[in-house]
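User: I would like to go through this model with you, chain by chain. Could we begin with a single residue and then widen the view?
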Amino acid sequence: MSEITVEARGLTKMFYDESRGEVRAVDGIDFQCRSGEIFGLLGANGAGKTTTLRMLATILKPTSGSATVMGREVGEEPEQVRRSLGFYSSSTALYPRLTARETIEFFARVNGYAPDEVPGRVRELVARFGIEEYADARVEKLSQGMKQKVSIARTVAHDPPVLIFDEPTVGLDVLNALDMQRVIGEFRTQGKTIIFSTHIMSEAERLCDRIAIIHGGALLACDTLEGLRTATGKRYLEDIFVYFATDREDGT
Amino acid sequence: MKSLHTVGLLYAREMRAALRERSIVINSIVIPIVLYPFMMWAMFSGIMFVRGQTEGQLSRVMVVGLPAGHEALAESLEARKVMLIAPSDTTGAAAGIHGGSLDALVEFSPLEAEGTQGTFRVRLTSTASRERSEEARSRVTVVLERYRDDWLQIQARDAGIGEEEWTGFRVRLKNRASGKEMGAFLLGLMLPLFFLIMTAVGCYHPAVDATAGERERSTWETTMSLGVSRASIVTAKYLSVASFGTMAGLLNLAAMTLTMGAIVKPLLAGSAEEIHFGLPLAGLPVMAVGAVVLAGFIAAVMMLFASFARTFKEGQAMITPFYLLMMVPAILLQQQGLTFSTTLALVPVANVVMMIREAVAGVFHWPQIAITIAVGLAMVAISLRLAVFVLRFEDVIVGSYGGSLTTLLKERWRGRDAGAQGGVR
């Protein structure tokens with residue numbers, strides 16, 4: 001049995017909104033992720049996926065509940081938690097005035113990769129993601145596809161055991177989206193824990209070892225695709241999602 | 001040690017990125033070196049050009065009632081580029097001066113009183129609202145006064161009266177200041193204000209770029225997800241902004257000092273030959289400290305305001321009032337005779353301006369300098385504490401907060417701090 005790398009226990013986040021008052025964005029979520037696993041968070045826009053992932057990445061602090069990453073509490077050791085994970089989302093853009101090579105080097109160094117090994121690591125990632133040609137060009141000059149490769153390279157620059165991908169294929173064309181899925185699959189084979197949020201059912205079906213369905217801030221179900229099929233009697237993930245979401249809205 | 005290394009890495013990243021941004025390089029490096037020397041060169045060249053133009057023009061002066069025996073006066077006037085116009089209607093002449101067809105009217109009338117035979121009164125009419133008329137007045141006045149002195153000397157000599165008897169006393173002016181002191185005085189009048197402006201300009205763009213700019217480019221969350229403490233991030237950003245401010249201030253001081261002599265000397269003509277524009281060596285460390293203290297304070301406050309902005313434009317709008325407010329004490333300090341008192345040393349910004357002004361002149365009031373540095377460091381500490389406090393609120397961190405610094409302080413003071421519940425480190 002592979003080790004538990006990420007654990008959320010009653011994770012809750014409340015916001016204050018001028019018009020709506022207090023909003024419960026994430027409502028007592030529990031889950032565990034293991035090494036070598038792709039754990040999918042599936043939910044509609046505004047379901048609470050990004051807030052959950054931001055709490056794991058220590059960008060937001062839980063209102064109540066707790067979470068650990070590699071055995072460290074997100075509220076108590078935020079720096080160590082951030083060093084042990086790579087966080088990729090559409091709102092974590094690259095520094096436009098650095099070159100691709102400088103970007104990878106900076107993220108490796110600042111996130112605690114052994115200083116002597118940084119040049120080798122940079123060379124390895126530049127070769128692995130095929131960015132040799134434009135490694136010394138500023139990021140602002142790169143195409144969307146090139147930026148995506150550099151983004152992934154910077155996410156894994158310090159070789160973290162846990163990777164968080166928050167809707168990584170949003171805004172990408174089909175080929176780039178498929179390429180992203182392929183790369184995420186490769187990380188799994190390296191034994192990394194991948195937490196992957198999406199609202200695209202086909203992506204979740206294709207990639208995830210286990211899927212957590214999140215709706216209205218609450219975790220409605222969490223199992224393998226087969227387990228969810230068995231529990232609901234539905235074949236397609238879309239139908240499974242509707243099944244749980246409708247139940248929640250009906251209060252059953 | 002480890003956190004210093006981390007701050008170093010973050011600082012290097014900030015500086016590298018900032019030095020690749022054209023607007024920052026222009027505003028924080030090029031303009032401090034070039035702008036004011038160029039502006040002063042343009043201004044003084046303009047003055048010299050206008051002066052040259054004015055000096056080349058003839059002054060059109062109507063002379064009425066020039067007494068017999070004083071024809072030499074007319075010759076002297078003509079020698080000073082005064083074109084004598086034949087007398088006509090003096091009422092019309094006044095209108096001509098006003099309208100610009102005539103520059104001045106000189107009217108001679110004999111004195112009627114007993115014992116004043118051969119003497120006369122002169123009335124000179126001009127308008128101060130026209131440069132050419134003013135120049136005519138100046139030329140005629142100089143000629144008349146010189147002519148009167150010469151005439152008096154002749155009269156006294158003919159009457160057997162020695163010069164010392166009729167002059168009573170003479171005033172002799174003597175300037176005890178050396179050329180170096182004169183240069184320091186002139187530099188002290190201008191440099192501190194320009195220094196302040198340039199230090200602020202040097203901080204302005206980097207402060208917005210490091211805060212609102214990051215939000216606009218969506219790199220703010222990238223930075224916040226780095227495996228380092230928030231304090232390290234704030235410190236590195238702050239140090240980079242303060243570095244640009246310090247650099248801009250010092251570059252401006254150097255550029256102004258080096259170019260001042262060449263720019264101003266032609267305007268001061270003859271008397272300026274001896275003026276030496278240079279900074280006293282002993283003043284350089286004080287000026288460097290002043291630059292660091294001032295840039296440190298300005299950088300902290302500007303970053304504090306700009307950290308609420310979500311776009312570059314918003315950031316500029318939030319900083320500009322502070323930028324303008326800061327100029328007020330500096331402009332007031334341009335008054336002559338102001339001393340660097342202990343009270344003044346307690347006023348942020350104004351104290352550094354006074355400190356620089358005195359250092360340029362080679363004057364050092366050490367207690368006031370010590371107070372200035374202490375006040376500067378205290379202001380920096382307060383601003384940074386406030387910045388760290390503000391960054392505890394995650395709605396500010398994630399950029400979802402829509403208010404300003406004052407709004408946030410008011411709200412949190414009232415205790416409605418739902419956004420703050422998840423304070424992050």
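User: Which residues is Arg121(A) in contact with, leaving aside its neighbours within four places in sequence?
Analyst: Arg121(A) is in contact with Tyr113(A), Val156(A), Ala157(A) and Asp159(A), where contact means heavy atoms within 4.5 Å. This is a predicted model, in which local features need pLDDT of at least 70, side-chain atom pairs count only at pLDDT 80 or more, and totals for chains, interfaces and linings use all residues. Residues are numbered from 1 along each chain as its sequence is written, chains are lettered from A and ligands numbered from 1 in the order in which they are written, and side-chain values use heavy atoms, with hydrogens and water left out.

User: Where is Arg121(A) found, and is it buried or exposed?
Analyst: Arg121(A) is found in helix 4 of chain A, residues 118-128. Helices (H or I, at least four residues) and strands (E, at least two) are DSSP runs, numbered from the N terminus. Arg121(A) has a relative accessible area of 7% and is therefore buried. Buried means under 20% relative accessible area, exposed over 50%, and partly exposed in between, with a 1.4 Å probe and protein chains only.

User: How many helices and strands does chain A have?
Analyst: Chain A has 9 helices and 10 strands. Its radius of gyration is 18 Å, close to the 18 Å that the globule rule gives for 252 residues, so chain A is as compact as a globular protein of that length. The radius is taken over C-alpha atoms, and the rule is 2.2 Å times the number of residues to the power 0.38. Of the 252 residues of chain A, 55% count as buried.

User: And what are the counts for chain B?
Analyst: Chain B has 16 helices and 4 strands. With a radius of gyration of 32 Å, well over the 22 Å from the globule rule for 425 residues, chain B is more spread out than a compact globule. Its C-alpha trace spans about 100 × 45 × 40 Å along the principal axes. Buried residues make up 46% of the 425 residues in chain B.

User: What span does helix 10 of chain B reach?
Analyst: Helix 10 (residues 283-306) of chain B has 24 residues and reaches 34 Å from its first C-alpha to its last, close to the 34 Å expected at 1.5 Å a residue. The expected span is 1.5 Å times one less than the number of residues. Of the 24 residues, 18 are buried, so helix 10 of chain B is largely enclosed by the rest of the structure.

User: What does Leu294(B) contact, beyond its neighbours within four places in sequence?
Analyst: Leu294(B), which lies in helix 10 of chain B, is in contact with Phe195(B), Leu196(B), Thr199(B), Val349(B) and Val352(B). Leu294(B) is buried, with a relative accessible area of 2%.

User: Turning to the loops, where does His70(B) lie?
Analyst: His70(B) lies in the loop between strand 1 (59-64) and helix 3 (71-79) of chain B. At 6% relative accessibility, His70(B) counts as buried. Not counting residues up to four places away in sequence, His70(B) touches Gly118(B), Phe120(B), Tyr147(B) and Trp151(B).

User: Is Ser129(B) buried or exposed?
Analyst: Ser129(B) is exposed, with a relative accessible area of 64%. Ser129(B) has its place in the loop between strand 4 (120-125) and helix 5 (131-158) of chain B. Ser129(B) and His98(B) are 31 residues apart in sequence and 8.7 Å apart in space, C-alpha to C-alpha.
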